[in-house]
Amino acid sequence: MSKEKKGVRLEHISKIYQDPKTGKDFYAVKDTSLDIEPGSFVTLLGPSGCGKTTTLRMIAGFESPDEGEIYLDDEPINELTPNKRDTAMVFQSYALLPHYNVFDNVAYGLKLRKIAKEEIQNRVLRILDLVEMSGMESRMTNQLSGGQQQRVALARALVIEPSVLLFDEPLSNLDAKLRVNMRTEIRRIQQEVGITAIYVTHDQSEAMSLSDQIIVMNKGVVAQMGTPQEIYYHPVDEFVADFIGEANFLKGKLVEKRGDDGVLEVQGQKFAMAGAGSLPQGKDCTLVLRPEAAVLADSGILPCQVVLSCFMGSYQNYHVMVGDTLVKITEFNPKHKKIYNAGEKVWLDFKPEDAHVL
């Protein structure tokens, strides 16, 4: 596939539905603007009802925006039907044709486009090789495992050579181990082909492992867009911090400003924090501390009491109380480290640069 890569642009997109119980209108997606780079892998991530699938379906053409415009590169596509858009969708249900074998399932879209028989043969075999399904052309789809069916669905979408590939929670029907294997395969294929991919999931580990950019959605709006590292280490609010991985939230106050940095006070303890300069002095704030960023020690930043100490093999799992706030700690490779037991009064220690201030 050597087609020119195309990006996707959403300008102030909104979708309004009517609540069947109350009869009132509500925004499923509200005033959303996005710019998705050509050849990138972007994931729409969020809880059920956040608007991610509605956004994907509007890009695909299965839903029409009530406000705003969608562009494929610089071409407005609001008025185009799904089959006229240069996109292809991989569905959660696979949507394979049960009475067709693997070859005919993959070839279906090409036959509809009146592609020459010899070219269909070449393109189908090439794509089946790409998704590692060579030699299974004559198998019926009901003879395939879930992972194999997913590969056929992916091949069927790729073979028509779309500029943009859309994924609607494609791995949710697979078991946990197969999900991990298939997301690795999807990323490999996307990078090999160089296609622009937009992926919908509520699984944050899936989003982190696949994406160049993650778009976190909440209640119909974009909460944050950034790289997996930006989203994880620099969340814009508690919703994003809590949705991406596990996070501890400690309430405090910025008591002193030092240029871009500052001094925080939490539970009566003062310590320097980088990146707190955007807050005004005296402002109440929240310290985001990831479980793997903190350790227990005989001395440190915040006094605490251990309420749970559990050996988990590769890590020691602690729950401690910092004042009246529960903090979870994941201390990796505990073999030669001092282990603290429930009931002990110790100190929570961390590098200020490993925490984040909201």
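The buried residues of helix 4 are Gly147, Gln150, Arg151, Val152, Ala153, Leu154, Ala155, Arg156, Ala157, Leu158 and Val159, where buried means under 20% relative accessible area, exposed means over 50% and partly exposed lies in between (1.4 Å probe, protein chains only). The model is predicted, so local features need pLDDT of at least 70 and side-chain atom pairs count only at pLDDT 80 or more, while totals for chains, interfaces and linings use all residues. Residues are numbered from 1 along each chain as its sequence is written, and side-chain values use heavy atoms, with hydrogens and water left out.

Helices (H or I, at least four residues) and strands (E, at least two) are DSSP runs, numbered from the N terminus. Helix 4 is mostly covered, with eleven of its 14 residues buried. Its covering includes strand 6, helix 2 (102-112), helix 3 (117-130), strand 7 and helix 5; contact here means heavy atoms within 4.5 Å. The expected span of a helix is 1.5 Å times one less than its number of residues. For the 14 residues of helix 4 this gives 20 Å, and the end C-alpha atoms are 20 Å apart, which agrees. Just after helix 4, Glu161 takes a positive phi of about 55 degrees.

The discussion now turns to the sheet beside this helix. Strands of a sheet pair through backbone hydrogen bonds, either parallel or antiparallel. Two strands are taken to pair if DSSP finds at least two bridges between them. Six strands form an open sheet in the order 6-7-8-3-9-10, with mixed pairing. Strand 6 (87-90) and strand 10 (221-226) stand at its edges, each with a single partner strand, so one side of each is left without a neighbour in the sheet. From one strand to the next, the twist averages 20 degrees.

Two helices lie across strands of this sheet. Axes are lines fitted to C-alpha atoms, for helices over the stretch in contact, and angles run from 0 to 180 degrees between N-to-C directions. Helix 4 (residues 146-159) lies across strand 6 and strand 7 (164-168), and runs at about 170 degrees to strand 6. Helix 5 (residues 176-193) lies across strand 3, strand 7 and strand 8 (196-201), at about 140 degrees to strand 3.

Strand 3 (residues 41-45) pairs in the parallel sense with strand 9 (residues 213-218) over four bridges, and Val42 has Gln213 as its bridge partner in strand 9. Strand 3 is also joined to strand 8 by five bridges, and these two strands run parallel; Leu45 has Thr201 as its bridge partner in strand 8. In a regular strand the side chains alternate between the two faces of the sheet. Both faces of strand 3 are covered, for Phe41, Thr43 and Leu45 on one side and Val42 and Leu44 on the other are all buried.

A second open sheet holds four strands in the order 2-1-4-5, with antiparallel pairing. At its edges stand strand 2 (25-36) and strand 5 (75-76), each with a single partner strand, so one side of each is left without a neighbour in the sheet. Strand 1 (residues 8-18) and strand 4 (residues 67-72) pair in the antiparallel sense over five bridges, and Glu69 of strand 4 is the bridge partner of Glu11. Helix 1 (residues 52-60) packs on the sheet and touches strand 1, strand 2 and strand 4; its direction makes about 115 degrees with that of strand 1.

Most residues other than glycine have a negative phi, and most peptide bonds are trans. His12, in strand 1, has a positive phi of about 55 degrees although it is not a glycine. Asp73 lies in the loop between strand 4 and strand 5, and its phi is also positive, near 55 degrees. With a relative accessible area of 27%, Asp73 is partly exposed.

Another loop holds Gln281, between strand 13 (269-273) and strand 14 (284-289). Gln281 counts as exposed, at 52% relative accessibility. Gln281 and Glu256 are 25 residues apart in sequence and 5.8 Å apart in space, C-alpha to C-alpha. Not counting residues up to four places away in sequence, Gln281 touches Leu254, Val255, Glu256 and Lys257.
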